[in-house]
Amino acid sequence: MIYPKIALAQSIIEILSAKGIVNIIISPGSRNAPLTIGFAQNPNFTCYSIADERCAAFFALGIAQQTKQPTAIVCTSGSALLNYYPALAEAFYSQIPLIVISADRPQSKIDIGDGQTIRQENVFANHSVFNANLTEEASEENDIKINLAIETAILKKGPVHINAPFEEPLYETTEELSIQPKITHLEEGNNSKTIENSDEIVSVWNSAKRKLVLVGVNEANSIDQEVIENLASDPSVVVLTETTSNLHHESFINSIDTLITPFDDSDFKEFNPEVLITFGGMVVSKRIKGFLRKYKPKHHWHIDTLRAYDTFGALTKHFEMKPNDFFKDLLAKTSLVKSNYYKNIDSIYKTRLAKRKEYLRQIEFSDFKVFEKVIESLPKNSMLQISNSSAIRYAQLIDIDQSIEVFCNRGTSGIDGSTSTAIGAAVGNEKQTVFVTGDISFLYDSNALWNSYIPKNFKIILINNGGGGIFRILPGHQEKPVFNTYFETSHKLTAEHLAKMYQMNYFTAKDIDSLENAIQSLYSSDDVPCILEIFTPTTENDLILKQYFKYLV
């Protein structure tokens with residue numbers, strides 16, 4: 001086998017191999033040549049070449065999101081490393097393991113005016129779970145840092161940074177390893193499967209007549225069906241699920257804003273829970289966050305093996321365990337409480353759903369209508385990736401088939417890498433992947449298509465409303481030049497030439513008839529990746545959405 005001659009590079013490569021890291025995303029450069037040579041010629045690794053570092057990092061994020069295993073990204077020195085930061089921050093807040101390996105110049109070359117050098121050590125300190133600043137020579141101390149970085153990425157489910165200084169010559173190779181790196185063994189944490197001091201918790205649960213369970217970003221099939229049925233059958237429990245929760249039951253409320261947007265103060269007071277239980281990642285609905293910050297529950301319990309954010313300023317208990325273990329233990333010790341909490345809320349929600357059906361039937365072609373048609377067309381058992389901003393918010397208003405897994409970069413809620421993440425996820429999972437995105441997010445991340453690994457059956461559905469539609473929905477919108485130019489970023493661009501450049505099939509729609517025909521063409525074309533671009537009316541979209549919430553009353 002061919003190895004880089006530089007011993008430190010050998011150590012990094014051999015330790016990653018011993019730890020079972022498989023996927024390596026490499027961006028081109030000279031300083032990282034020793035790593036590139038070693039990774040690319042080692043059959044234990046699957047290597048991908050992505051030129052744009054920002055896209056490379058989000059692509060890696062998508063793979064790690066699906067495989068649940070750390071993915072490594074490798075870059076040269078200088079500003080290349082900084083382009084990883086958006087994806088790294090997303091990984092930090094979404095609890096996704098990434099291993100950043102940056103080549104660096106030796107310490108003596110930093111801040112003396114040498115080319116392509118920045119202060120790389122600890123550059124991600126605020127948004128990483130471990131930083132390994134290596135010295136130039138291979139050593140046991142370096143080996144321990146590399147091992148610890150990988151183990152921390154796994155245990156703490158987050159990004160780590162390994163910074164490795166290399167001196168020239170960089171391209172020399174050898175057929176023999178010059179080192180035998182130290183390999184440490186991962187010590188798994190002891191996540192409790194039972195609730196500590198459960199008597200108090202059981203007592204609170206059994207005495208509360210209004211219990212609200214709110215589920216954010218969540219892994220599919222992580223909650224047992226028995227737990228789901230128990231929660232659904234308890235008259236004192238209301239379960240609110242988001243699109244990204246991947247948690248389903250006919251008794252659960254899966255469109256939070258449809259339920260609570262028309263509420264007045266008296267409705268909110270009746271809905272106000274005594275006990276709030278949250279699990280999963282970030283919540284999309286601003287309305288539920290606003291409600292719970294104003295009408296604080298007496299008890300807020302968050303369940304997560306690692307972190308507990310006090311999102312509503314009411315956190316009273318963090319259970320460091322898996323949600324499924326928590327509920328299995330809790331529900332085995334508690335009893336059903338006589339209550340009208342679920343019955344009253346369910347009655348309101350069923351009325352809202354009937355009104356939603358009426359409204360969607362009568363509205364004109366618009367973003368809202370398009371999302372209804374697009375979501376109902378999704379293939380069963382597929383994976384849906386959604387971009388941020390208005391796209392994920394519209395998706396929250398439409399029922400999605402239970403067989404479809406839904407993902408969105410909600411850690412930082414940025415638009416910057418949604419396409420790259422979706423492509424990485426499609427590579428990391430064999431399911432049919434459909435990516436639904438808005439025009440600004442798509443154009444911002446257009447380098448995502450500069451990628452040789454896009455699966456042939458990958459579908460992009462691009463809703464082009466001529467700008468950042470989210471700013472028309474948010475308070476403060478005014479039809480003035482400053483708004484149109486600097487907030488909405490109005491444009492007349494399309495994806496047509498990008499599709500042609502990257503040899504993707506391209507379809508368009510501008511009304512219901514052309515949309516239905518284009519959707520058929522989209523799903524019958526599996527020979528190359530496809531883009532369906534749907535043009536919706538810029539000025540009507542927000543009016544139709546705002547009118548929807550009034551219509552529900």
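Is K459 buried or exposed? I looked this up to open the notebook: K459 counts as buried, because its relative accessibility is 0%. My cut-offs are under 20% relative accessible area for buried, over 50% for exposed and partly exposed in between, with a 1.4 Å probe and protein chains only.

**Ground rules**

I am working from a predicted model, where local features need pLDDT of at least 70, side-chain atom pairs count only at pLDDT 80 or more, and totals for chains, interfaces and linings use all residues. Residues are numbered from 1 along each chain as its sequence is written, and side-chain values use heavy atoms, with hydrogens and water left out. Helices (H or I, at least four residues) and strands (E, at least two) are DSSP runs, numbered from the N terminus.

**Entry: salt bridges**

I stayed with K459 and looked for its partner. The side chains of K459 and D526 meet in a salt bridge, 2.9 Å from N to O. K459 belongs to strand 17 (residues 459-464) and D526 to the loop between helix 20 (512-524) and strand 19 (530-535), so the pair ties together parts 67 residues apart in sequence. D526 is partly exposed, as its relative accessible area is 42%.

For a salt bridge I take a side-chain nitrogen of Lys or Arg within 4 Å of a carboxyl oxygen of Asp or Glu. The structure holds 19 of them. Side chains of opposite charge can pair when their charged atoms come close.

I looked up two others. D329 and K333 join their side chains at 3.1 Å, N to O. Both sit in helix 11 (residues 323-333), four residues apart, about one turn of the helix. D329 is buried at a relative accessible area of 11%, whereas K333 is partly exposed at 39% relative accessibility.

R105 and D114 form a salt bridge through their side chains at 3.2 Å, N to O. R105 is buried, with 14% relative accessible area, while D114 is partly exposed, with 31%.

**Entry: around S387**

Where does S387 lie? I found it in the loop between strand 14 (383-386) and helix 14 (390-395). S387 counts as buried because its relative accessibility is 0%. A polar atom of its side chain lies 3.4 Å from the backbone nitrogen of G438. For such a polar contact I use a pair of N or O atoms within 3.5 Å; within protein, one must be able to donate a hydrogen and the other to accept it, and residues adjacent in sequence count only if both atoms are side-chain atoms.

I then listed the contacts of S387, meaning heavy atoms within 4.5 Å. Leaving aside neighbours within four places in sequence, they are I392, C408, S418, F435, V436, T437, G438 and S441.

Strand 16 pairs with strand 14 in the parallel sense over four bridges, and I386 stands opposite V436. Strand 16 also pairs with strand 17 in the parallel sense, over five bridges, where G438 has I463 as its bridge partner. I call two strands paired if DSSP finds at least two bridges between them.

Next I traced an open sheet of six strands, with parallel pairing in the order 3-2-4-5-7-6. Strand 3 (46-49) and strand 6 (130-133) stand at the edges with a single partner strand each, so one side of each has no neighbour in the sheet. The twist averages 20° from one strand to the next.

Strand 2 (residues 23-26) pairs with strand 3 in the parallel sense over four bridges, and I25 is opposite Y48 there. Helix 1 (residues 7-18) packs on the sheet and touches strand 2, strand 4 (71-75), strand 5 (98-104) and strand 7 (159-165), with its direction at about 155° to that of strand 7.

Helix 2 (residues 33-40) lies across strand 2, strand 3, strand 4 and strand 5, at about 140° to strand 2. My axes are lines fitted to C-alpha atoms, for helices over the stretch in contact, and angles run from 0 to 180 degrees between N-to-C directions.

The axes of helix 1 and helix 2 come within 9 Å and cross at roughly 35°. The contact is made by A9, I12, I13 and L16 of helix 1 and P34, L35, G38 and F39 of helix 2.
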